[in-house]
Amino acid sequence: MVMSGMQNGHIASEADDICPVCKNSTYLQKNLRFKINTKCYHRICEGCVDRITSTQKKCPIAGCTFAARGVIPRRGEYRVQTFEDLAIEREVDIRKRVMAILNRREEEFYSKRAWDDFLEQREELIMNLVLKTDVKKTEATLSKYKEANADSIKANAALERNAAAQFESRQTLQKEQANLRRQAAQQTYEDDRFHTLTAGSRDVKAGAMEVIHDDGPVSDPSGLVKGLRKLRPPSPEKVYDPFMGMATTRDYYGLQADYPSMRLTKAKNDTRTRAGGFDFQAYYDESLLRAFAGLGCFIDKEKTGQGPPATRELATVVAAESLPGRINDEVF
Amino acid sequence: MKFYIDDLPVLFPYPRIYPEQYDYMCDLKKTLEAGGHCVLEMPSGTGKTVSLLSLIVAYQQHYPEKRKLIYCSRTMSEIEKALAELKALMKYRSEQLGIVEEFRGLGLTSRKNLCLHPSVKREKSGAVVDARCRSLTAGFIKEKKERGEDVESCIYHDNLDLLEPHNLVPPGVFTLDGLLRYGEQHKQCPYFSARRMMSFCNVIIYSYHYLLDPKIAERVSKELSKDCIVVFDEAHNIDNVCIESLSIDLTEDSLRKATRGAHNLERKIEEMKSSDEEKLQNEYQKLVEGLRQADEARAEDAFMANPALPDDLLKEAVPGNIRRAEHFVAFLKRFIEYLKTRMKVLYVIQETPPSFLAHLKDLTFIERKPLRFCAERLTSLVRTLELTNIEDYQPLQEVATFATLAATYDTGFLLILEPYESEQATVPNPILHFTCLDASIAIKPVFERFSSVIITSGTISPLEMYPKMLNFSTVLQESYPMSLERRSFLPMIVTRGSDQQTISSGFQIRSDLGVVRNYGNLLFEFAKITPDGIVVFFPSYLYMEQIISMWQGAGILDQIWNYKLLLVETPDAQETSLALETYRTACDSGKGAILLCVARGKVSEGIDFDHHFGRTVICIGAPFQYTESRILKARLEFLRETYRIKETDFLSFDAMRHAAQCLGRVLRGKDDYGIMVLADRRFQRKRNQLPRWIADAMTDAETGLSTDMAVGMAKKFLRSIAQPLPKTSREMSGGKGKDSWSLQDLESVQAERRSRRGEGGHTGRDEDEDRPHDMQGVNNKNGTGNGHVGEIDRAMEPTSNYMRNGLDEFDEGIDDDELMRMEA
Ligand code: SF4
Ligand SMILES: [Zn+2]
Ligand SMILES: [Zn+2]
């Protein structure tokens, strides 16, 4: 069993790109493109394809069995090749045809063994066609199967399409999620940087317009000018807050005038304490604040980024979506 | 000396012990008893290996379980060193105990280092040695020989079969060198002797790869039992080793060779069909029945092993469409052809394995299932065909491994196709990277299989980064300070030149002439004052070249030449070793020299500059990774999303661990001394990410310096170190020394700690922090819940530095009784 006439399914290189018909080559004509015939897998340049199919000529390659039989190739039979090795190109085409017929699914089989046997059988048939052994018998088997199992073939094809579509939409969804996560991370990173860079230089920025982070370029109301950013006038400078946004209201408790406390009794009754200016109210307030201070804090939020860590699956998609580009090395 | 840690008698082969060694041993023992993993950072040059071995051997010999030790190191020379230490230790033990213990310790390294076959061992590449050896030792060779056929085999391997399988070499410890000599004398293969004896050894010392690389681990480390103690030494780079072991790069050239391999296979199958059909039929039958003798799949002559397949898959039968040899070869050819078309694309592609598989299926009808079995099916086929010139099939094997990995792992991996080598390149030279993003994948089986895994190094700060990255939990994390009789090294951070200009290798200012001149000036000043050798580390080759040529232009090199010889590391290994040799000669001659090298190069990792070979080390610029690399970028994103490690945190961690490695190069022992200069503004804020023993030795006054200040300090330091060490009280009166203890010292320390433990049985947290570090080890050992909780508490602290710098304000004042007492 040697790969039959297909051995001209060359190992390609630059030297290969000469059209066997018009002898044009990529060396002289940079944008020369080739197509193959899906019947005999002969490869000629696009110009020759046009010429031959418009004037109804046979495949021009010497020794072509199809040409010998007087078969006229049609325009649609020529296409761009996918694989460098034309033998593989042909094999895949055959495979596609056979797989469309013998499209049984694993769950239809009673046992793993039966499924494996089916797989081997299918492979056997494909190889028959590829190697041109027992072609007639194989084709007969296939068409017989096709007739007898029309319903199952249709149903399985639909299932297959469904699965592919589902995979597709899942991928898109994941990509969207990934992009959102990436943007969020980028935002946090830029905010961090922004804060470190602009700390203390607030007044320089005051008065400048602020960019609203949103959905990309827009055009002006008349539609003439495109690619605009949405800007908004600067918000008035906030009053300086020495506590940096720390809450001053006491949400979790109300302060009472006095609390009974064994420990404090002695001190309360001791005029010396009062004389020294000790304020029990302030002490109560402080103690309660400390006791409740943690209630409004959520550690998860304070950690990097927002929300829980991504699943490994999503994280992989995020990594895949990562754009190359310089990461700032000024991280110190 | 002999001492006890609790009830465990430890024989330590030196008359004196460093305090940190003792603490290290105590913590090791605690980890072994608790049954869990730990991360320990022990200053370089303080006898980490010997402490580790003495304790673990003592532990092995004392307890009936005799847990095996697997000690992993990085390089052959480190393995050899560890074996020599072990040998000395065992000798000492037998002298002390008066009996020779029943004990075996062996090291394993690649065939390339252990081969004795006269022609095979002369091959230059390790892969070729492996392949040629396999051709000589495959199972069928023996069968053929028995049938009387004339085949070439290796006599060193054949001789092994004449020996008792469990006693190929006599008991005791063999260094690699010793094993080679023994093999030569007895005409037996050292490599296979060691490998077959693995399961009879008490201590195994080998390279990381034997455990981490799933392709090798499967074969070599399979029989090791669960209670083995696994140690990864010099483990600061372990995450990268993990990642590399699961990443594969394919080029057009390797694909072309793989095609050729597939064609050869096809021809061989035809040949066998006409001559020996039966063999193929046998194989086929076996595959049909799903019979896959486990032992056969893992036979030591295996052509290749499966990369980390889940166990359930290993029990499954090979899919029907690749059962027949010719179908499988067609399958391979189709897959390779597909990869070739992918390579034709002229823009960068990044995709996840599932999306790759989907596209593959669309185009070639190749399903995930058979792809997963690719590696295994190929191994089986190669064995059936009795191929001898295995090295020719290497590229095909790579493709098969690639296929199996891509079909096995959905997450944590990425395919990146880069059509051009660099931004500027115009001729495409595509590389398809199958890159692992998650270091924890490769090491996961290790953590799952073994109950105690110890990760240790001289520079492994910040400790909490490793459990995070590798996704495991520790029972203990500790970093030890270095106890010194006097100050013997001077770490400094220089942030400005003498002209007060900020210096940094940051991207914006790295080619600024002023910065470059300041760096040059810094080097010049240190060249003037440093006796003997100076080692300088740059962040990259590119930067080094750039800066050297600028120095040349500015005449700085001419100035430096007046004081020292200048030598440069290059990416070429041979050139570098020549430069190193010259450097050493120059240092020996007394005038000294300067070695310019790269922070991620060979020199920074494996070569020590002890004593006069390195008196000053200067890090010019923070050694950041090449930040435009797509692979790095993808890994950063993955780390951020799954482990919540910020990009910036990881990059600075990575830069600092390399800087610490560089600094550690010059200080290889307590009798050594040296100056360590970190010259970049950016080091200032990352000071707390240095290993504890370096950070502790750096006072505030030694940071944020300008060049002239740094030079002044260095001068003072060198003057003080030039004074002879005053006869200390230790030597005069036998009192206990600061940097090392004799047996009496140790015992008194132990007694002291015991009594402290007695009185302070219920210590509060604050007190715990105040107490000197070494007290803690003992205190926690009374086995009460108190001690252990404290330890785990510590382990979960986000940054240990935080703790070091004292508690945060809020906690400090919370004791209101105190407040009242004061006020009242
Ligand atoms: S069996 Fe040993 S000595 Fe023989 S070729 Fe292999 S490694 Fe070399
Ligand atoms: Zn033409
Ligand atoms: Zn034709």
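## Buried cysteines in chain A

Both A:Cys59 and A:Cys64 are buried (under 20% relative accessible area, with exposed being over 50% and partly exposed in between, using a 1.4 Å probe and protein chains only). The model is predicted, so local features need pLDDT of at least 70 and side-chain atom pairs count only at pLDDT 80 or more, while totals for chains, interfaces and linings use all residues. Residues are numbered from 1 along each chain as its sequence is written, chains are lettered from A and ligands numbered from 1 in the order in which they are written, and side-chain values use heavy atoms, leaving out hydrogens and water.

Donors here are N, O and S atoms within 2.8 Å of the metal (3.2 Å for Na, K and Ca); water is not among the atoms, so sites may look incomplete.

The zinc ion (ligand 2) is held by A:Cys19 (SG), A:Cys22 (SG), A:Cys45 (SG) and A:Cys48 (SG), at 2.2 to 2.4 Å. Its arrangement is tetrahedral because the four donor atoms subtend angles of 102 to 117°. Here the spacing reads C-x2-C-x22-C-x2-C.

## Where are the disulfides?

A disulfide is a covalent bond between the sulfur atoms of two cysteines. Searching the whole structure turns up zero disulfides over all chains, the cut-off being a pair of cysteine sulfur atoms within 2.5 Å.

Two cysteines in chain B show why. The closest cysteine sulfur to that of B:Cys242 is in B:Cys436, 8.1 Å away and so too far for a bond; B:Cys242 is also buried, at 0% relative accessibility. For B:Cys662 the closest cysteine sulfur, in B:Cys619, is 4.5 Å away, again too far for a bond.

## How chains A and B meet

The contact (heavy atoms within 4.5 Å) takes 78 residues from chain B and 61 residues from chain A. In chain B, the residues losing the most area to chain A are B:Phe365, B:Glu641 and B:Arg644, together 11% of what that side buries. Buried area is the accessible area (1.4 Å probe) that two parts lose on being put together, summed over both.

Between the two chains there are eleven salt bridges (a side-chain nitrogen of Lys or Arg within 4 Å of a carboxyl oxygen of Asp or Glu). A:Glu123 forms a salt bridge with B:Arg334, with the closest N and O atoms 3.8 Å apart.

Technical notes: Tetrahedral: all angles 85-135°; square planar, octahedral: opposite > 155°, others 65-115°.
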